[in-house]
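Thanks, everyone. Please have a look at it before I start.

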Amino acid sequence: MSNVQFISQYGHEEVAFFQNEAAGLKCIIGIHSTKLGPALGGCRLYPYASLDDALFDVLRLSRGMSFKNAAAGLPIGGGKGVIIADPKQKSRVLFEAYGEAVNSLQGRYLTAEDVNTTVQDMSWVMNKTKFVVGQDGVSGDPSPFTAIGTVDGVKATAKFLFGSDSLKGVKIGLQGLGHVGFDVCRQLYEAGAELIVATHSNRANMKVAVEEWGAKEVTDAELYKTECDILVPCALGATLNYDTIPELKCKAVAGAANNQLLDDECGKILKARGIAYAPDFIINGGGVINAGQEAFTTYDKEKVLKQVHNIYNTVYNILDESKTTGEPEGVIAQRFAEERIKNGL
Ligand code: NAD
């Protein structure tokens with residue numbers, strides 16, 4: 001299917017391409033839905049191999065944000081921005097040009113941090129537009145909230161598997177020790193989990209995981225084949241694919257990474273293998289719950305945390321419904337979100 005056909009099939013309201021040669025900016029902003037409110041989703045900066053790759057990514061990610069925001073009960077829609085650039089080329093000029101692009105959409109799209117963009121970058125975006133969330137001194141870095149929600153989702157998954165949400169002695173395989181994964185790893189250690197962690201390029205984080213939190217280090221390839229209770233992917237997307245799913249020796253997958261399933265078919269294969277799956281856009285909603293509050297009301301950390309902890313119930317209910325109906329968890333989660341988009345929160 002061509003990307004234009006995807007735009008039509010996914011139901012995007014608007015997809016805009018911006019180019020500013022002097023600033024070195026090439027970016028695409030996808031507004032999937034503003035049905036529940038302005039479209040919110042982070043800005044990803046990535047050295048895409050082609051404009052087509054970038055367009056495909058923004059289409060998938062912006063649609064995913066509509067589902068994530070609706071499932072989290074936020075009165076906001078779904079959108080995403082992608083900047084096609086090498087992270088080494090990041091500059092004030094680049095982000096100011098991106099800010100002008102965002103501003104031209106007059107508030108239909110609200111931007112924030114994502115992969116390879118930071119609170120500092122957003123402060124440059126704010127020089128040109130007010131349509132930015134995740135601001136320093138307000139909701140700030142979303143990662144700690146994503147980590148809290150993810151750990152709640154892991155606990156709900158343990159409850160579903162074992163009848164108790166205690167993680168004491170529960171064997172967890174974890175991939176990715178970045179902003180979210182490192183925090184998740186610490187919290188799982190504190191909750192008494194037994195950790196097996198895939199080798200990470202950040203050796204300092206890996207050292208802490210191994211030496212202070214007692215994690216066993218394995219290669220990435222070994223992690224998939226490792227016998228464990230819950231696999232917690234906190235790195236990149238598409239890790240649950242036709243190669244890895246047959247190898248898995250876990251009882252469930254519950255992690256923060258976006259777009260873990262390569263495609264819908266992989267959700268069915270995972271289900272057929274009897275492996276429970278906490279849908280990514282539900283379990284990793286903590287960050288957007290945090291940033292989203294800044295978009296529509298006065299920021300209140302206590303309120304945010306209450307809503308983030310609700311991820312526990314949502315994950316548990318989806319796992320339970322999937323067990324009863326036999327439908328893949330992702331299908332149930334998507335329907336839940338689509339109904340909210342159609343009928344309101
Ligand atoms: P990050 O870039 O800080 O961390 C990801 C880490 O994974 C990197 O350090 C990278 O080196 C590592 N990695 C990549 N491939 C790996 C592999 N094969 N094996 C082991 N490690 C590998 O990103 P992050 O902010 O921690 O986000 C992690 C994931 O969670 C991403 O998929 C992101 O889209 C998703 N997510 C993040 C947030 C958030 O608040 N940051 C919110 C929702 C979803």
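I start with Arg44, which is buried, with a relative accessible area of 13%. Keep in mind that this is a predicted model. Buried here means under 20% relative accessible area. What does Arg44 form a salt bridge with? The partner is Asp57, and the closest N and O atoms of the two are 3.9 Å apart. The pair links distant parts of the chain, with Arg44 in strand β4, residues 43–46, and Asp57 in helix α2, 13 residues apart. Asp57 has a relative accessible area of 15%, so Asp57 is buried too.

Some background on pairs of this kind. Side chains of opposite charge can pair when their charged atoms come close. Over the whole structure, the search finds 15 salt bridges. I will take two others.

One is between Glu96 and Arg92, with the closest N and O atoms 3.1 Å apart. Both are in helix α3, residues 92–104, and because they are four residues apart there, about one helical turn separates them. Is each end buried or exposed? Glu96 counts as buried, at 16% relative accessibility, whereas Arg92 is partly exposed, at 46%.

The other is between Glu217 and Arg203, again with the closest N and O atoms 3.1 Å apart. This pair links distant parts of the chain: Glu217 is in strand β9, residues 216–218, and Arg203 is in helix α7, residues 203–212, which puts them 14 residues apart. Glu217 counts as partly exposed, at 31% relative accessibility. Arg203 is partly exposed as well, with a relative accessible area of 47%.

Asn205 is buried, with a relative accessible area of 15%. Which residues is Asn205 in contact with, leaving aside its neighbours within four places in sequence? They are Leu177 and Phe182. Gly176 is 29 residues from Asn205 in sequence, and the C-alpha to C-alpha distance between the two is 10.0 Å.

Helix α2, which holds Asp57, is also the place of Ser66. Ser66 has a relative accessibility of 2% and counts as buried. Setting aside neighbours within four places in sequence, Ser66 is in contact with His32, Ser33, Gly77, Gly78 and Ile341.

After α1 comes Gly11, with a positive phi near 80°.

Next, a pair of helices. Two packed helices are described by the angle between their axes and the distance between the axes. Helix α5, residues 143–162, and helix α13, residues 311–325, have axes that come within 8 Å and cross at roughly 35°. The crossing of α5 and α13 is right-handed. On the α5 side, the contact is made by Gly149, Asp152, Gly153, Lys155, Ala156, Thr157, Lys159 and Phe160. On the α13 side, the residues are Ile311, Tyr312, Val315, Tyr316, Leu319, Asp320 and Lys323. By type, the residues of this contact divide into seven nonpolar, three polar and five charged.

Last, two loop residues with positive phi. Gln106 has phi near 55°, a positive value in a residue other than glycine. Where is Gln106? Gln106 is in the loop between α3 and β6, the latter being residues 109–110. At 63% relative accessibility, Gln106 counts as exposed.

Asn116 is not a glycine either, and has a positive phi of about 70°. Its place is in the loop between β6 and α4, with α4 at residues 119–125. Asn116 is partly exposed, with a relative accessible area of 31%.

That is what I have. I am happy to take questions.

Note on methods:
Residues are numbered from 1 along each chain as its sequence is written. Side-chain values use heavy atoms; hydrogens and water are left out. Axes are lines fitted to C-alpha atoms, for helices over the stretch in contact, and angles run from 0 to 180 degrees between N-to-C directions. A crossing is left-handed if the near helix is turned anticlockwise from the far one by less than a right angle, and right-handed if clockwise. Contact means heavy atoms within 4.5 Å. Ala, Val, Leu, Ile, Met, Phe, Trp, Tyr, Cys and Pro count as nonpolar, Asp, Glu, Lys and Arg as charged, and the others, Gly among them, as polar. A salt bridge is a side-chain nitrogen of Lys or Arg within 4 Å of a carboxyl oxygen of Asp or Glu. Buried means under 20% relative accessible area, exposed over 50%, partly exposed in between (1.4 Å probe, protein chains only).
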